Amino acid sequence: MADLTAVQPPLARTRWLGPELAVVVAGVTAALLFPDDLGFITRINILAIFTLSLALVIGQAGIATLGQAAMFGAGSYSAALWAIHITPEPLSGVLIGALVGASVAAASGVLMLRTRGLTLLMLSVAVAQVLLETANKAGSVTGGDDGLADIPVSPILGVFAFDFRGQVGFGYTLAALVLVYFCLRRVVASPFGLTCRGIRADQVRMRAVGAPVFRHLLSVYTLGGAVAGIAGALSAQTTQVVGLNSLGFELSAEGLVMLTIGGVGHLAGALLGVPAFMIIRHVAASINPYHWLLVIGLLLIVTILFLPQGLYGLPEKGRAMVRRRPK
Amino acid sequence: MTERLRLTGVTKSFGGLSVAADINLSLSAGDRTALIGPNGAGKTTLVNLISGALQPSAGDIHLDGLRVNRLDQAARTRAGIARTFQVSRLCRDLTVIENVLLPLIQRHRAAFRMWPASASDHAIRAEAVACLEPLGLAAVAGRRVSELAYGEQRLVEIAIAIALKPRVLLLDEPAAGVPESESGMILDVLARLPRELPILLIEHDMDLVFRFARRVIVLVAGAILFEGTPAEVAANQTIRDIYLGRDGHGAASL
């Protein structure tokens, strides 16, 4: 019998909580070092959840999408409307955001996921644009161009009231991020996760092992939609505003850029890429508010050319260079 | 001997071009049948028609007495029709064992389980190792497929097919692209496949065909020209003229 433990995941032990712990430590350290920037760090937490959904959909299953904001925005608006019209209790709002995000993904996925490549990419953009325009026109419900403001949020679990400094918002989103990461890591290590990677590699091969490819794609896209919906709901609750930009193309594209910088093939890529992108943009924009996009563009080019695995691949790349040097 | 696969009048045409014309074919338990024919005769097309990658324009395909025409490729695979590819189609970024886990996950109906379950996962993994061992692939189980020699990749194709525990196995040129020094290794593996499993082998290497097959079907321009034992095929002057080449003993010139 060959050594079973010598083989990499999937179907490997995931009881090890190191990566989740690293997220907690990194988040708390950042909050302690920059107590005045909790709003910024909270935004990073939320975008990290959003980008995790992309890491699942693009990185694992290979679904080319530039429309993930559709599910983020749907989660955002539905959580906001839930809070305004039903109850300001936040956890139920997140659940609603997840359900609506999943529903939007499932409904649009049925149409989109039979196509591939450029067609799929364009359809994903179109779905988000249709939702955006719908939200724009349905002003009586969504506030149209003005969006929804002053969204009420009651204390989490009846105890932790959202405070002016944003400490509760920070802790709330960090907890959500860790929980989502915990779950997705296990999904990736499951038989379902391996099947998704197989589909990304070769759909013809997967049909020849008996895999119902479309059903798999629809399932993973729906799951990704739920995660994006959670991110959207958290955004609505912590900022207490929702606008049309939550459905915008820019958010979808930024998510993809952040994932690319961090590393597409791994969930951790999302967790590395988002803070890297946000911090670089923050610094670059404070130096020159007009040309920060140039810095991001250059960063993206450098990443794609020299770090195809993104920041996640940096240690491996470094080791490879050290090994090459002595020759 | 129980019949497992039966094709009756299977026909496929693309516009006016007929690529399979009224094919009748039957495979029973234990069959070792080779399908030969010149390039473009429609051999791979026939594999595509049986496996469901293509739908026939007319005719019926039965597996274990059940009509499978309407099933798509994934469903036919689950029903028991396994195929390999002439040019390796493996998930190159995945490891060898992961490639073999993929069919096992499907067969164990675990593909929609989104959470690890250590007992079940270990059982599936142990089965994957058991599929790799007889092919001598256990030692490279953790390697990426892209790092493997092409001959080993061909073996992974066969390991995947075996992992499906098929009722019928279609091998599309399992030795294609493999250097001659390694093709003996492929033949060894073919000789050790489960005896009762019916196999349809497409192969250009006449040595391999004559050593492996007990029945040979000659396909020319989408139609079956001749069916018989290897000795009958070798003795048939028409086939020698059409297929085996001008010099009369084929393998080298093909």
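Analyst: Two residues are said to be in contact if their C-beta atoms, placed from the backbone, lie within 7 Å. The structure discussed here is a predicted model, and with that cut-off in mind, the buried residues of helix H5 of chain B pack against S6, H3, H4, S7 and helix H6 (180-191) of chain B.

User: What makes H5(B) a mostly covered helix?

Analyst: A residue is called buried if 20 or more other C-beta atoms lie within 10 Å of its own, and in H5(B) 11 of the 14 residues are buried. Among them are B:Leu155, B:Val156, B:Ala159, B:Ile160 and B:Ala163, together with B:Arg154 and B:Glu157.

User: What do the buried residues of H3(B) pack against?

Analyst: H3(B) is mostly covered, with 11 of its 12 residues buried, and those buried residues pack against two helices of chain A, H8 (191-201) and H9 (203-207), as well as helices H2 (73-79), H4 (118-132) and H5 (150-163) of chain B. After the end of H3(B), B:Arg109 takes a positive phi of about 55°.

User: Which helix gives the most to the side of chain B that touches chain A?

Analyst: The contact between the chains takes 36 residues from chain B and 31 residues from chain A, and H3(B) gives the most to the chain B side, with 7 residues. By class, that side of chain B has 21 nonpolar, 6 polar and 9 charged residues.

User: Which residues have the most contacts inside the largest nonpolar core?

Analyst: That core has 168 residues, and those with the most contacts inside it come from both chains, including A:Ile49 and A:Leu52 as well as B:Val100 and B:Ala159. Helix H2 (residues 38-60) of chain A gives the most to the core, with 14 residues. Setting aside neighbours within four places in sequence, B:Val100 is in contact with B:Ala128, B:Cys131, B:Leu132, B:Ala159, B:Ile160 and B:Ala163. In soluble globular proteins, nonpolar side chains tend to be buried together.

User: Why do S6 and S10 of chain B stand at the edges of their sheet?

Analyst: The sheet in chain B is open, and its 6 strands follow the order S6-S7-S8-S3-S9-S10 with mixed pairing. Strand S6 (81-83) and strand S10 (223-228) each have a single partner strand, so one side of each is left without a neighbour in the sheet. From one strand to the next, the twist averages 20°.

User: How do you know that S9(B) and S10(B) are paired, and what about S3 and S8 of chain B?

Analyst: Strands pair if at least two bridges are found between them; S9(B) and S10(B) have 5 and run antiparallel, while S3 and S8 of chain B have 4 and run parallel. Both pairs therefore meet the cut-off of at least two bridges. B:Ile217 has B:Glu227 in S10(B) as its bridge partner, and B:Thr33 stands opposite B:Leu200 in S8(B).

How values were computed. Residues numbered from 1 in each chain as written. Chains lettered and ligands numbered in written order. Predicted model: local features only at pLDDT ≥ 70, side-chain atom pairs only at ≥ 80, totals over all residues. Core = buried A, V, L, I, M, F, W, Y, C linked by C-beta atoms within 7 Å. Axes fitted to C-alpha atoms, helices over the stretch in contact; angles between N-to-C directions. Nonpolar A, V, L, I, M, F, W, Y, C, P; charged D, E, K, R; others polar.
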